[in-house]
Amino acid sequence: MKSTPQPQEIQEMFNRIAPVYDSLNDWLSLGLHRIWKLMAVKWTNPQPQSVALDLCCGSGDLTFLLRQQVIKGRVIGVDFSSELLDVARVKAKNRGYDDIEWVKADVLSLPFQDNTFDCVTMGYGLRNVQDIPSCLREINRVLKPHGRAAILDFHQPSNYFIANIQKWYLDNIVVTMADWLGKKEDYAYIYPSLQRFLRGDRQIELARQIGFSQSVHYPLLGEMMGVLVLAK
């Protein structure tokens, strides 16, 4: 098993893949990632006047979905990849979302006061942070009492057959397509990251230890994906 990448390595990787990030996500998930992201947003129960935060926002997909629900409130997208934030800003301008705030920051040390946000989302980010408990503590800290968070990510299925299908797909489809775009090594990291990532039941247990009042994990696509839904 490969060693855990350092934060700077992850940051540099996402900066490199920023130009192809959206197109590869669509191709590799057959567009299903858009459905999963919408589900995650809905689970946070955003309201028209909510203050919403999207962590590891990437090119802004979840941020824009939040913005569609939060009409009169405030929406902030956070990422530590300046290149992905640049892509998100261009997309936001093209969609007329000039009021979204984009912040470059580390999810382990968020530049926000306690009890600031009604809802928080994170898509494909928790698996890549160096300290998962610290990240969850930061989410708990910035959430308002009774606020909700939804964290979408890849998972390693417990079913042996499905796990082998996932590995075959990642090795033979994902990495091959990334290779065509000169990004083979950047996408080859996905499977090792899955091996290190906490399974759903462990995520639930950890979130409860940290202090969330509710913690539920919803498996998707035969456990190849999942959404951790939390309430403060």
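# Hairpin, sheet and salt bridges in a predicted model

Visitor: Which strands form a hairpin here, and how many residues lie between them?
Guide: Strands E6 and E7 form a hairpin, with four residues between them. Leucine 221, in the turn, has a positive phi of about 55°. Please note that the model is a predicted one.

Visitor: How do E6 and E7 run, and how many bridges join them?
Guide: The two strands run antiparallel, and seven bridges join E6 to E7, which spans residues 225-231. Within this pairing, leucine 220 stands opposite methionine 225 in E7.

Visitor: What is the strand order of the sheet?
Guide: The order is E3-E2-E1-E4-E5-E7-E6, in an open sheet of seven strands with mixed pairing.

Visitor: Which strands stand at the edges?
Guide: Strand E3 (101-104) and strand E6 (214-220) do; each has a single partner strand, so one side of each lacks a neighbour in the sheet. On average, neighbouring strands of this sheet are turned by 15° against each other, direction ignored.

Visitor: What about E1 and E4: is their pairing parallel or antiparallel?
Guide: E1 (residues 51-55) and E4 (residues 117-123) pair in the parallel sense, over four bridges. Leucine 53 stands opposite valine 120 in E4.

Visitor: Which strands does helix H5 lie across?
Guide: Helix H5 (residues 82-95) lies across strand E2 (74-79) and E3, and runs at about 175° to E3.

Visitor: Now salt bridges. How many does the structure hold?
Guide: The structure holds eleven salt bridges. One of them joins arginine 74 to glutamate 101, with the closest N and O atoms 2.7 Å apart. Arginine 74 lies in strand E2 and glutamate 101 in strand E3, so this pair ties together parts that are 27 residues apart in sequence.

Visitor: Which residue does aspartate 118 meet in a salt bridge?
Guide: Its side chain meets that of lysine 144, at 3.4 Å from N to O. This pair links distant parts of the chain, as aspartate 118 is in strand E4 and lysine 144 is in strand E5 (residues 143-154), 26 residues apart. Aspartate 118 is partly exposed, at 25%, and lysine 144 is partly exposed, at 26%.

Visitor: And where do arginine 141 and glutamate 138 lie?
Guide: Both lie in helix H6 (residues 132-142), three residues apart, which is about one turn of the helix.

Visitor: Why does glutamate 138 count as buried?
Guide: Glutamate 138 has 12% relative accessibility, and buried means under 20% relative accessible area. Arginine 141, by contrast, is partly exposed, with 22%.

Visitor: Which residues are linked in a network of salt bridges?
Guide: Arg34, Lys37, Asp61 and Lys91 are linked in such a network. Asp61 is also among the buried residues of helix H4.

Visitor: How many residues of H4 are buried?
Guide: Seven of the nine residues of H4 (residues 61-69) are buried, so the helix is largely enclosed by the rest of the structure. The buried residues are Asp61, Leu62, Thr63, Phe64, Leu65, Leu66 and Arg67.

Technical notes:
Residues numbered from 1 in each chain as written. Predicted model: local features only at pLDDT ≥ 70, side-chain atom pairs only at ≥ 80, totals over all residues. Heavy atoms only, no water. Pairing = 2+ DSSP bridges. Axes fitted to C-alpha atoms, helices over the stretch in contact; angles between N-to-C directions. Contact = heavy atoms within 4.5 Å. Salt bridge = Lys/Arg side-chain N within 4 Å of Asp/Glu carboxyl O. Buried < 20%, exposed > 50% of the residue type's maximum accessible area, 1.4 Å probe, protein only.
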